[in-house]
Amino acid sequence: ASTDDFLFQGSMVRRPRPVRALVGAMVSGGGALPLMARATVATAFAAALVGWQGVAALDNGLGRLPPMGYNTWNDLGCAEMSEAGVKAAADALIKTGLRDLGYVYVNLDDCWHAPIRNLSSNQLMPDPLRFPSGLKALSSYVHDRGLRFGIYTDRGALTCAGRPGSLGHEELDAQTFADWGVDYVKEDNCFSTKGPNDQETLFAQFGKFRDSLNRTGRPIFFSVCGGGGQLPFSNLSYYATDSRGGEALANSWRVTSDCTDWHTCKFAFEVAGPLASNAVPGGLNDPDMLLGSSLACPRWLSPDRSRTQFSLWAILMAPMLLGTRISDLTPFDLETYSNSGVLAVSQDRLGKQGFCLSRADSRSVWGRPLAGGDWALLFLNDDWFFAADVVCDAACWDALAFPSGSLVFVRDLWQTGTLTQSQVTAGVGLAVLVDARGASIMLRLTPVTTSPTPVGTPRPEIPSLVV
């Protein structure tokens, strides 16, 4: 089917041409329609997609900007997974002001399931002790607060924690999730029939769930997690580079196994960097969730490394899903996640992933091109003992788009006071003193021929959701 674009829930969505006249007549002004009109558009969109049988790739128009929100795994895990815990996280996103900065996804990870499927309908069921109100009611609770609801499944017979998986039930589970009002699905990779890396099988099975989600007619962000069933430090870059993967398969795809500490996080961003050409708006490399610095969570990083991870994920155009306890954020972590300058880099509409520009021993410079000719640079020092100058040298400048000898505005996005000048000359080595053990400095560079790009809220007001 031939397609074109329209604005749906704040994202450019691909749709079949048969609904072009109806939607084109009704959608205007960025989709700011009355509730009944929005419902009519949603119904038309769903009906058209259900009737469109030529689904061969994702192409759902979602994820044009990296999703922002919260995931339960590094906070509640299995032991504390509950309806009350998820509601507390949703409420905390509002109380902290994070929702209004764009953190809108509230995503359940593993362990929400009952141990067996419904004996009469064969549908997945939530654990009745952990989720006494059911997931449709929880989804409504989340939506009523201007947030979006995400859920977890697995392509195997079981999830990684041994709950029922989706193998052989893809159509049923996708429709169940749509009926519950799900906006985001993460599909994991455990208990697969031929192991976690049989590419013929995994691309076919993940693709089957992708197509099943498309046929529901509900716009649902699809996240493929090949990290399940893997050993630590597994390189899963084939999810990005294989023609059956990447944007044809999902809105995001994991490129390594889980990010659980600094060493695995570092491995994740080192794998993601060279995959920049495989990332596009709507199809993102995923180096896993963000770890906070709170010792109250089972997985955490030092404050400096946590902030570096956040900054690097913005450079990498990666999903920004918080894996920490939102209701108990440290002031440092709240300041980190609220930095409007770094969020503007994350949500930049040019849609180009960043990469490593230069490296010298344990020091590296990472950069991302931005709309309007700007660049974001991150200067990282991973030496264990000593602060050091991290330098964007001539080779580093050659990767940037600034003419040699031209003047460039420089702004420190963390306002560390390290930078002593507001302008630099392109092509002349730029040295930044950075503390040791994974600390970093992040700068935004703007050509002097234009005004410095103002720092502001990176997203417009969150649009109404289809529930």
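Are Trp-112 and Phe-177 buried or exposed? Trp-112 is buried, and Phe-177 is buried too. Here, buried means under 20% relative accessible area, exposed means over 50%, and partly exposed lies in between (1.4 Å probe, protein chains only). The model is predicted: local features need pLDDT of at least 70, side-chain atom pairs count only at pLDDT 80 or more, and totals for chains, interfaces and linings use all residues. Residues are numbered from 1 along each chain as its sequence is written, and side-chain values use heavy atoms, with hydrogens and water left out.

A search of the whole structure finds 20 aromatic pairs. Rings of Phe, Tyr and Trp (its six-membered ring) pair if their centres lie within 6.5 Å; planes under 30 degrees apart count as stacked, over 60 as edge-to-face and the rest as tilted. The ring centres of Trp-112 and Phe-177 are 6.4 Å apart and the planes meet at 70 degrees, so this pair is edge-to-face. Trp-112 lies in the loop between S4 and helix H4 (135-143), and Phe-177 in helix H5 (residues 170-179), so the pair ties together parts that are 65 residues apart in sequence. Helices (H or I, at least four residues) and strands (E, at least two) are DSSP runs, numbered from the N terminus. Ring pairs also join Trp-112 and Phe-177 with Trp-180, Phe-209 and Phe-222 in a cluster.

Two arginines lie over aromatic rings. The criterion is NZ of Lys or CZ of Arg within 6 Å of the ring centre and within 35 degrees of the ring normal. Arg-155 lies over the face of Phe-206, 5.4 Å from the ring centre. The charged end of Arg-305 sits over the ring of Trp-384, at 5.1 Å from its centre.

Helix H6 covers residues 199-216. Of its 18 residues, 13 are buried. The expected span is 1.5 Å times one less than the number of residues. For H6 this gives 26 Å, and the end C-alpha atoms are 26 Å apart, which agrees. Gly-217 follows H6, with a positive phi near 85 degrees.

Two loop residues were also examined. Thr-96 lies between helix H3 (83-95) and strand S4 (105-107). At 25% relative accessibility, Thr-96 counts as partly exposed. A polar atom of its side chain lies 2.7 Å from the backbone oxygen of Ala-92. Beyond neighbours within four places in sequence, Thr-96 is in contact (heavy atoms within 4.5 Å) with Ile-326 and Leu-334. Asp-374, in the loop between strands S13 (363-369) and S14 (375-381), is buried, with a relative accessible area of 2%.

Key: A polar contact is a pair of N or O atoms within 3.5 Å; within protein, one must be able to donate a hydrogen and the other to accept it, and residues adjacent in sequence count only if both atoms are side-chain atoms.
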